[in-house]
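Hi everyone, thanks for coming along. I'd like to walk you through one protein today, so please have a look at the model on the screen.

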Amino acid sequence: MKIKSFLTLALGIVILQSCSSKKSEDNQQKDSVTVNKIEKTSFGTFPDGRTADSYTLKNANGMEVKITNYGGVVSHWTAPDKDGKYEDIVLGFDSLAGYLTPPPYFGAIIGRYGNRIAKGKFKLEGKEYALATNNNNLNHLHGGVVGYDKVLWTAEPIEGEEPALKLTYLSKDGEEGYPGNLNVTVIYTLQKDNSLKMDYSATTDKTTIINLTNHSYFNLSASKNNILDHEVTLNADRFLPVDKGLIPTGELRAVKGTVFDFTSPTVIGKGINDEKDEQIKLGGGYDHAWILNKKEGNELSLAATVVDKTSGRKMEVLTTEPAIQFYTGNFLDGKLTGKGGVNYPKRFALCLESEHYPDSPNQAAFPTTVLKPNETYKTTTIYKFSVVK
Ligand code: GLA
C-alpha cells in the first residue's frame, strides 16, 4: 500500500515536471517566434578610421534584410520565389568598401532633397539658396555632394516580432547649402507579412525644403536576368515630362496612348526603347515621376506592382507620397561588380522611389516641399513581397 502510494506520488511529480518543462519549452518557442534578434556585425572601416556597422533583421518566414548605418543603405534583402526560395533581390555590395566608390545610391536614404533641383537654386521666404550642381554641373541631385546616402547615421535596433532599425541623423544648418538644423529619423521595420516599412520623419529649426526617399535597386530575378521582362503596374494616370537635364517641364501629361502608360500590367521592355517617344529619348529609358492617383492626397495607397513571372516574385509599393520615380537603371554601365561577383550592366535593376515632385521648390504649382519649424515631416513607404504562381 505504501509502495503503491509512493509510486503514484512519484508518477504525479514526473507528470507535473514534464508538464511544466513542456510549458517552459512552449514559452521559449513562443519567445523565439515573437522576438526576432537583430545581429550587429562590422561593415567595414573608412580610410579615416571611422567604422560602419551592419544590422541583420529577420522575420519568422525567413525574410532577411541587412542595413548599414552608412547612408542607411539596405545592402541585402531577400524575398521568396514561387518555390519558397529566399534570394537577394537588391543590388549592392557585401561590405563598406564597395560603397565608397561611390555607387549610384544603391539602397541608400536620399536627402535632404531626393531627385533634382534646377540649377541647384531655389528661393525660400525671399532668400535665394545655392546648392551644389552635382548632376553634370547643371542641376542639384539627391542632396548634393555629401547627401544622406554618404553620412553615418546613429542606429538603434528594436527587437520584436517585427524587428526594426531606427536611424537618426542631424543635418546641420547650412549642410550642402540647405537652411535649418534638420533632425531626421528613418525607421525600417521588417513586418510579418514580408514587407519592409520605411517611416520617415523630420523637424527643423528654420524653414527648409525636404524630400526623403530610399534608392533601392530591385531585380526580382535575384540578378539572374535584367529587368526588361519585369511586369510593372503604376497607379498613375499622369507623369511629369522632363527637359534634357531631366527637370520636369511643369506639364502634367496623361499617360494614355503613350509608352508611359503602366495603368495595367506592362512589361518594361515593351516601350523602353521607343526612340520615337521624345521622353524616352530624354530619359534614356524611364526616369520620370509618375503622379499617383490618390483619393485623399496623402493616404497610404498602392503606388506600384512589379512581377517577375519567371521567379514568381511580386513586389507591391505603397506610399503616402504623391509621386513615384520609376527609374530603369539607365545609367548603369557594367563598370560595377557587386555581391557574388555579379556585374551590373545598363537596365539591370529598377528603382521605385516614393517622393514629392522633382524641382518642387522652383515650381509653385507642384505640392509644397517646404517644412517649417512648428511642423513635423512624416511619410511612409512599404515594399511588400509575395508570390504569383
Ligand atoms: C534617380 C534619378 C536618375 C539617376 C539615379 C541615380 O533615379 O532620377 O536620373 O540620377 O537616381 O543614378
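Let me start with a definition: helices (H or I, at least four residues) and strands (E, at least two) are DSSP runs, numbered from the N terminus. A word on the source: this is a predicted model, where local features need pLDDT of at least 70 and side-chain atom pairs count only at pLDDT 80 or more, while totals for chains, interfaces and linings use all residues. Residues are numbered from 1 along each chain as its sequence is written, and side-chain values use heavy atoms, with hydrogens and water left out.

Now the overall picture. The protein has 3 helices and 27 strands, and its C-alpha trace spans about 100 × 45 × 45 Å along the principal axes. Of its 389 residues, 53% count as buried; buried means under 20% relative accessible area, exposed over 50%, and partly exposed in between, with a 1.4 Å probe and protein chains only.

Let's go to the ligand. Which residues come nearest to it? Of the 14 residues around the ligand, these are R116, H142, H215, D287 and E353, where "around" asks for a heavy atom within 4 Å. For H142, an N or O atom in the side chain is 2.8 Å from a ligand oxygen, and for N115 the distance is 3.0 Å.

D287 also takes us to the cavities, as D287 is one of the residues lining the second largest cavity. A cavity here is a set of points, on a 1 Å grid over the protein atoms alone, where a 1.4 Å probe fits but cannot get out; lining residues have an atom within 4 Å of a point. Grid points are joined across faces, edges and corners, and a volume is the space filled by probe spheres set on the points. The whole structure has 2 cavities of 30 Å³ or more.

The largest cavity has a volume of about 70 Å³. Among the residues that line it are Y70, Y99, P102, P103 and K150. By class, that lining has 8 nonpolar, no polar and 2 charged residues; Ala, Val, Leu, Ile, Met, Phe, Trp, Tyr, Cys and Pro count as nonpolar, Asp, Glu, Lys and Arg as charged, and the others, Gly among them, as polar.

The peptide bond from T101 to P102 is cis, with omega near 0°, and P102 sits in the loop between α2 (96–99) and β6 (108–110). What kind of peptide bond joins G111 and R112? That one is cis too, with omega about 0°, and R112 is in the loop between β6 and β7 (116–117).

Two residues other than glycine have a positive phi. K119 has phi near 55° and lies in the loop between β7 and β8 (121–124); K119 counts as exposed because its relative accessibility is 59%. E176 also has phi near 55°, and its place is the loop between β12 (164–171) and β13 (182–190).

Methods:
1 Å grid on protein atoms, 1.4 Å probe; cavity = no way out; pocket = protein on both sides within 12 Å on 5 of 7 lines; lining within 4 Å. Polar contact = N/O pair within 3.5 Å; in protein donor to acceptor, adjacent residues only side chain to side chain.
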